[in-house]
Amino acid sequence: MSKKNQNTDNTQVLGDVINQVLAGSEQIQTEIDAKQIELEAKQKELERCLAVLERKKELSMNRQKFLSTDENLQKVLEALEIDDFETPHFRLKLFNVENSYKDIELTSISNTDLINEFVTMLREKIASKIVEIETELIN
């Protein structure tokens, strides 16, 4: 075999090897791109799951606050049962808080029936919000 034919054969073999390597690297790059797209989709799903978890955590804390407040309001109702027209134990006060240095009291209510009615209404609203939160937590 002549040197020219041998060089041509070597060049052709080398060209075939280079083509195989290029084809393999294109296939690898295609696989890398597919895995990258898959990874990005999983990251987005993870971020969505974390946002849902964070929302449920916030709802759970709000639910706990409502339950605690409701428990305290129940104690107020129980204590109001022993008082007549006015209670020395409880007052509902409204303040004007525009002045950050001193709150200005606008009015104070100590009538047992009014406080009882107000606390009962608050407990109903709280119970409604608790049900709303629990429904969202379940879903």
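Guide: Gladly, and let me begin with a definition: helices and strands are DSSP runs, a helix (H or I) having at least four residues and a strand (E) at least two, numbered from the N terminus. Please keep in mind that this is a predicted model.

Visitor: What makes the place of Ser110 a loop?

Guide: Ser110 sits between two such runs, β2 (104-109) and α2. The chain has 2 helices and 2 strands, and their order from the N terminus is α-β-β-α.

Visitor: Why is Ser110 called buried?

Guide: Buried means under 20% relative accessible area. Ser110 has 10%, so Ser110 counts as buried.

Visitor: Which residues does Ser110 touch, beyond those up to four places away in sequence?

Guide: Contact asks for heavy atoms within 4.5 Å, and the residues that Ser110 touches are Phe85, Glu86, Thr87, Phe90, Arg91 and Ile115. Leu14, by contrast, is 96 residues from Ser110 in sequence and 99 Å from it in space, C-alpha to C-alpha.

Visitor: Is Thr87 buried or exposed, and how do you know?

Guide: The relative accessibility of Thr87 is 2%, and the limit for buried is under 20%, so Thr87 is buried. Thr87 belongs to the loop between α1 and β1 (92-96). Setting aside neighbours within four places in sequence, Thr87 is in contact with Leu80, Ser110, Thr112 and Ile115. For Thr87 and Ile115, 28 residues of sequence correspond to 9.1 Å between C-alpha atoms.

Visitor: Why is Gln74 called partly exposed?

Guide: Partly exposed covers the range between the buried limit, under 20%, and the exposed limit, over 50%. Gln74 has a relative accessible area of 26%, so Gln74 falls in that range. Gln74 lies in helix α1, and its C-alpha atom is 8.3 Å from that of Val119, 45 residues apart along the chain.

Visitor: What makes a set of residues a nonpolar core, and which residues form the largest one?

Guide: The members must be buried, come from Ala, Val, Leu, Ile, Met, Phe, Trp, Tyr and Cys, and be joined through side-chain atoms within 4.5 Å. The largest nonpolar core here has 8 residues: Leu73, Val76, Leu77, Leu80, Ile115, Val119, Ile126 and Ile130. Two or more of its residues come from each of α1 (3-80) and α2 (112-138). Leu77 touches Asn116, Val119, Thr120 and Arg123, not counting residues up to four places away in sequence. In soluble globular proteins, nonpolar side chains tend to be buried together.

Visitor: How do you know how the chain compares with a compact globule?

Guide: The radius of gyration gives the comparison: a compact globule of 139 residues would be near 14 Å, but the chain has 37 Å. Along its principal axes, the C-alpha trace spans about 125 × 40 × 15 Å.

Visitor: What share of the residues is buried, and how much accessible surface does the chain have?

Guide: Buried residues are 12% of the 139 in the chain. The accessible surface is about 11,500 Å², with 56% of it belonging to carbon and sulfur atoms.

Methods
Residues are numbered from 1 along each chain as its sequence is written. This is a predicted model: local features need pLDDT of at least 70, side-chain atom pairs count only at pLDDT 80 or more; totals for chains, interfaces and linings use all residues. Side-chain values use heavy atoms; hydrogens and water are left out. Buried means under 20% relative accessible area, exposed over 50%, partly exposed in between (1.4 Å probe, protein chains only). The radius of gyration is taken over C-alpha atoms; the globule rule is 2.2 Å times the number of residues to the power 0.38. Accessible areas come from the Shrake-Rupley method with a 1.4 Å probe; for residues, only the protein chains shown count as cover.
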